Amino acid sequence: MAKTPTHDGIETSVELTHPERVYWPDDNITKHDLLEYHAVAWERMSPFVINRPLALLRCPDGIDGPRFFQKHAWKGINHHITEIADPGDKDAAKLLKIENFDGLAALVQSAALEIHPWGTTIDHWEKPDMIIMDLDPGEDIAWSKVVTAAKEIRERFAALGLTSFVKTSGGKGLHVVASVKPQATWTDIKDAAETIAHAMSADSPQTYLSVASKAKRAGHIFIDYLRNGRGNTAVAPYSTRARKGAAVSMPVNWEELDDTIGPASFTVKNAASRLGHSSADPWADFFKAASPLKV
């Protein structure tokens with residue numbers, strides 16, 4: 001099959017049917033535009049999505065149409081999206097993974113507008129390589145308070161000997177992600193995240209919430225540590241979000257949080273200049289920075 005080139009020079013053998021189909025109507029972003037965005041992001045994004053079990057938010061008719069969260073294969077799935085058995089639950093339906101850019105292009109063809117990986121690879125299923133803290137602010141919370149929360153999590157990770165990185169969620173908040181050597185178990189990882197969340201809530205109950213209670217969400221930042229359980233997921237770095245504005249979950253430098261960026265500042269339309277070859281990657285050393293979790 002003939003290769004389809006992108007403007008960034010990456011080729012794919014996946015044929016996009018109806019490349020003109022609009023996924024984000026208000027922004028006039030099409031299936032072809034999404035493929036082009038992923039081609040630009042691929043070099044930085046790939047370590048966070050390849051050979052990891054994936055959950056996908058699919059929107060075949062775009063963000064204004066029906067949507068569904070999918071972890072297993074569907075009829076007519078592209079062969080570049082491969083199935084893999086969970087070694088911890090061999091009787092369960094097989095999970096999904098991709099191995100290369102053709103796999104990512106197949107996700108675009110399949111209208112996967114959000115990619116949510118596990119925090120581990122299939123090379124070490126039972127040993128996660130990251131801890132994810134999702135800061136989800138109530139509607140009345142100032143952005144500066146979310147930044148303060150992220151910096152406090154950074155300090156608490158540092159006390160555990162861990163280096164942490166930060167990205168916009170593409171929604172309302174920030175994700176603080178610590179890089180860990182794949183040695184600790186899922187239980188260890190989740191316990192460490194839960195301990196941080198509960199400690200922050202106990203120290204500042206007027207600001208932080210570590211229990212998912214809608215009744216108490218107003219005026220608080222919910223520190224979601226549940227992304228760290230086995231089989232749970234969080235949106236991938238550089239993944240698009242199936243929301244108006246076509247925001248991207250964008251890795252940033254810690255120093256940038258003090259600038260004028262917000263949780264949805266980066267979009268499919270404006271990300272290209274940031275992801276160009278001449279710009280520095282704030283997460284370039286993510287896996288090099290990994291340290292063991294002290295348990």
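These legends accompany close-up views of a predicted model.

**View 1. The largest pocket and the residues around its centre.**
In this predicted model, the largest pocket has a volume of about 210 Å³. Of the 18 residues that line this pocket, Asp134, His175, Arg227, Arg241 and Arg243 are the closest to its centre. Sorted by class, the lining holds eight charged residues, together with five polar and five nonpolar ones.

Two strands, S10 (130-137) and S14 (221-224), each supply at least two residues of the lining of the largest pocket. The largest share of that lining comes from S10, which provides four residues.

**View 2. The salt bridge between Arg230 and Asp86.**
Side chains of opposite charge can pair when their charged atoms come close. The count for this model comes to 15 salt bridges, and one of them joins the side chains of Arg230 and Asp86, with a distance of 2.7 Å from N to O. Arg230 lies in the loop between S14 and strand S15 (251-252), while Asp86 lies in the loop between strand S7 (82-84) and strand S8 (95-97), so the pair ties together parts that are 144 residues apart in sequence. Arg230 counts as partly exposed because its relative accessibility is 33%, whereas Asp86, at 8% relative accessibility, counts as buried.

**View 3. The salt bridge between Glu114 and Arg241.**
The side chains of Glu114 and Arg241 meet in a salt bridge, at 3.2 Å from N to O. This pair links distant parts of the chain, with Glu114 in strand S9 (residues 112-117) and Arg241 in the loop between S14 and S15, 127 residues apart. Glu114 is buried, its relative accessible area being 4%, and Arg241 likewise counts as buried, at 9% relative accessibility. Arg241 is also one of the residues closest to the centre of the largest pocket.

Glu139 forms a salt bridge with Lys172, and the closest N and O atoms of the pair are 3.8 Å apart. Here too the pair links distant parts of the chain, since Glu139 lies in the loop between S10 and helix H3 (143-159) and Lys172 in the loop between strand S11 (163-168) and strand S12 (174-179), 33 residues apart. Glu139 is exposed, with a relative accessible area of 71%, whereas Lys172 is partly exposed, with a relative accessible area of 35%. Elsewhere among the salt bridges, Asp26, Asp64 and Lys244 are joined into one network by bridges that share partners.

Definitions and conventions
Residues numbered from 1 in each chain as written. Predicted model: local features only at pLDDT ≥ 70, side-chain atom pairs only at ≥ 80, totals over all residues. Heavy atoms only, no water. 1 Å grid on protein atoms, 1.4 Å probe; cavity = no way out; pocket = protein on both sides within 12 Å on 5 of 7 lines; lining within 4 Å. Points joined across faces, edges and corners; volume = space filled by probe spheres on them. Nonpolar A, V, L, I, M, F, W, Y, C, P; charged D, E, K, R; others polar. Salt bridge = Lys/Arg side-chain N within 4 Å of Asp/Glu carboxyl O. Buried < 20%, exposed > 50% of the residue type's maximum accessible area, 1.4 Å probe, protein only.
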